[in-house]
Structure formats: C-alpha cells, structure tokens
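I opened the model today to look through its inside. Notes follow in the order I took them.

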Amino acid sequence: MQLTGHKHNLPQIIIYITHATHGPETQSSVTAMGQHHFLIISHPLQGHINPALQLAKRLIRTGAHVTFAVSVSAHRRMPKDPTLPGLTLVPFSDGYDDGLKYSNDHAQHYMSEIKRCGSETLRRITAMSADQGRPVTCLLHTILLTWAAELARSLQVPSALLWIQSATVFTIYYHYFNGYGDVVGDCSNEGSSPIELPGLPILLSSCDIPSFLLSSNIYASLLSTFQEEMEALRQETNPKVLVNTFDALEAEALRAVDKVKLIGIGPLVPSAFLDANDSSDSSFRGDISQDPSDCID
C-alpha cells in the first residue's frame, strides 16, 4: 500500500531553511561549492535514527551531500553501515560508548555528556569538512539535542529541528511550556474532561497527552530537555521545525503555532512504501536492534 497526500517540495524547503537564516551569503557559498552539505545529528534511539536517515536519503536525491552523525554506541549496534552515494556516516562519542541503561539519574548525566562530547567532536568534524573544501551549509538535528542548535549558531550555520513526531504532539508540548501547563496536566489524569488547545481542531483527552507530560513519567530530566527545546526555539529569530507529517493529514496543526514555522516533510518512510519512485529504497538501513524484524518503531 502506498501513502498519498504527502506532496511537498523538498528543494524549495532546503532553500527556505538556508536562506531564511543567513541570507544570500549562504546561497553564494553553496553556488561556489556546487552543492549543499547537510550535517544531520540524530539522537541514538531507533525512533530518531530511522526518520533522520530517511530525510538524509531524500536530501541526497536533490543533489546534496549529507554527513550523518550518530553516537558510537548506536553505530556499534548497526549490523552494517548504511551505504549510499552522497552519505558519510560519522560516529561521535556521547560519553557512553558502551551504551546506556536508562534511569532518571543516568538520563540526566547522559544529556549533559552528549552535549559536552558531541559539541566538541562535531565542531572538529565541521572544521575538517571546511578544510577539505566541503563546508557544512545546514545543520539538522532530532529532538533532545538542543545543544546542536547552539553549535550551529556558534558556527554561523543555518539549522532546523527535525521533529520526529506529529505536528499535534509538537503543539501540545509547545503550549504545555507556554502557559498551558496546568491545563494539560489536569487533562493527563484518567477520567478528566477533554481540553482544547489553541490551533488544534480536536479536543484532547488523557490518552492523547504525550507520556512525558503524564504524572506517571519517571524521566523528569528528559521533560526538562523538551522545555529547553521550546525555549531554544523562542531564541531563534525565525524558528523552523521540520515535522514528520504532511499537509493533508495535519493542515491545521501545522499552522497551530504562529511563532514557529512548522514544515511538513513526511511521512519519513522508505520510498518503496510511499511513492515508489525508488523501489530499491525498501528499508531504513540504520537498524540498531538485534532483530530488526521485531521492531515496529
């Protein structure tokens, strides 16, 4: 079965991202170089790697080069590297090269370590790319990596957040940290009355609330990282978020937050299951589970 109703113009989106942040000088450097060079940084979880890698493949089809950065621990768990012309896979240390068993305490330390180690390593990688005549022209990162946007600003490189979830989920998080925390918190209790949030066309019940916003959430440090994500967007002059959805599915949700430009670029699934433009693209090629057939994320 093929999905429909997902039309978007990725080349125009690329121009918008790179042009809207740094203006014509970015475009002129690309012209001199001959192509865009995207640095995509993914959190080392399967549900982050898959859509980020799928976006990388789509960008490559437009003629861009992509450097895909993922932690050493995730890279070690891949049975084989995803090999595509135009794709460079770069493992970086997140301070937990042997992997991480999540608990709230570990998660808090991990988030500080991946920021410290990742920023240092990726700064060196971007410098090496520039020295080799292929400077990074745009940085994209998945959620929980707020420091990546800080890195992009320090390098004066345009950037955008890749939101791997739906536009509706983004909107819930946004409003939760912008004046609607108590409203969403009350709704998270089972049996509570449905709530309405600005811009969303539906009433939300407790089963619609992301698990990190529920009272049962045991990862408080990760919730604070989502808050940092929203605060970082407020600091941007022209914040842009690439969302794993498409207009025909979430037209209203994509326009629900007037201070952030949400751009639907999904669904980020292999071409063989989407538009069949590339029948060879039938898997994500970034599996980190021992038996990918058992993984539905």
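**Entry 1: cavities**

I searched the whole structure for cavities of 30 Å³ or more and found two. The model is predicted, and I keep that in mind for everything below.

I then asked what volume the largest cavity has. The figure for the largest cavity is about 100 Å³.

Next I listed its lining. H141, A149, S159, A160, L161, E229, A232, L233, E236, N238, P239 and K240 line the largest cavity. Sorted by class, that lining has six nonpolar, three polar and three charged residues. I noted that β5 and α9 each supply at least two residues of the lining.

**Entry 2: the sheet**

I went on to the strands. How many helices and strands does the protein have? I count 10 helices and seven strands.

The seven strands form an open sheet in the order β3-β2-β1-β4-β5-β6-β7, with parallel pairing. β3 (87-92) and β7 (261-264) stand at the edges with a single partner strand each, so one side of each has no neighbour in the sheet. On average, neighbouring strands of this sheet are turned by 25 degrees against each other, direction ignored.

I checked some of the pairings one by one. β1 (residues 37-41) and β4 (residues 138-142) run parallel and are joined by four bridges. In this pair I41 stands opposite H141 of β4. H141 is also one of the residues that line the largest cavity.

β5 and β6 pair in the parallel sense over three bridges. L161 has V241 in β6 as its bridge partner. L161 is in the cavity lining as well.

β6 and β7 run parallel and are joined by four bridges. L242 stands opposite I263 in β7.

**Entry 3: covering of β6**

Are the faces of β6 covered or open? Both are covered: K240 and L242 on one side are buried, and so are V241 and V243 on the other. I note that K240 also lines the largest cavity.

Helix α3 (residues 46-61) touches β1, β2 (65-71), β3, β4, β5 (159-163) and β6 (240-243). The direction of α3 makes about 165 degrees with that of β2.

Helix α6 (residues 146-155) lies across β1, β4 and β5. I read its angle to β4 as about 170 degrees.

**Entry 4: helix α7**

How many of the 10 residues of α7 are buried? Nine are, which leaves helix α7 (residues 167-176) mostly covered. The buried ones are A167, T168, V169, F170, T171, I172, Y173, Y174 and H175.

I looked up what lies over them. The cover includes β5, α8 (181-187), α9 (220-235), β6, α10 (247-250) and β7. Of these, β5 and α9 came up in Entry 1, as each supplies at least two lining residues of the largest cavity.

**Entry 5: P270**

P270 lies in the segment after β7. P270 is buried, because its relative accessible area is 2% and the cut-off for buried is under 20%.

I also took a C-alpha distance from P270 to N50. The two are 220 residues apart along the chain, and their C-alpha atoms are separated by 9.5 Å.

**Entry 6: whole-protein figures**

Of the 297 residues, 50% count as buried. Among contacts between residues at least 6 apart in sequence, 63% join residues at least 24 apart.

Key: Residues are numbered from 1 along each chain as its sequence is written. This is a predicted model: local features need pLDDT of at least 70, side-chain atom pairs count only at pLDDT 80 or more; totals for chains, interfaces and linings use all residues. Side-chain values use heavy atoms; hydrogens and water are left out. Two strands pair if DSSP finds at least two bridges between them. Axes are lines fitted to C-alpha atoms, for helices over the stretch in contact, and angles run from 0 to 180 degrees between N-to-C directions. Contact means heavy atoms within 4.5 Å. Buried means under 20% relative accessible area, exposed over 50%, partly exposed in between (1.4 Å probe, protein chains only). On a 1 Å grid over the protein atoms alone, a cavity is a set of points where a 1.4 Å probe fits but cannot get out, and a pocket is an open set with protein on both sides within 12 Å along at least five of seven lines; lining residues have an atom within 4 Å of a point. Grid points are joined across faces, edges and corners, and a volume is the space filled by probe spheres set on the points. Ala, Val, Leu, Ile, Met, Phe, Trp, Tyr, Cys and Pro count as nonpolar, Asp, Glu, Lys and Arg as charged, and the others, Gly among them, as polar.
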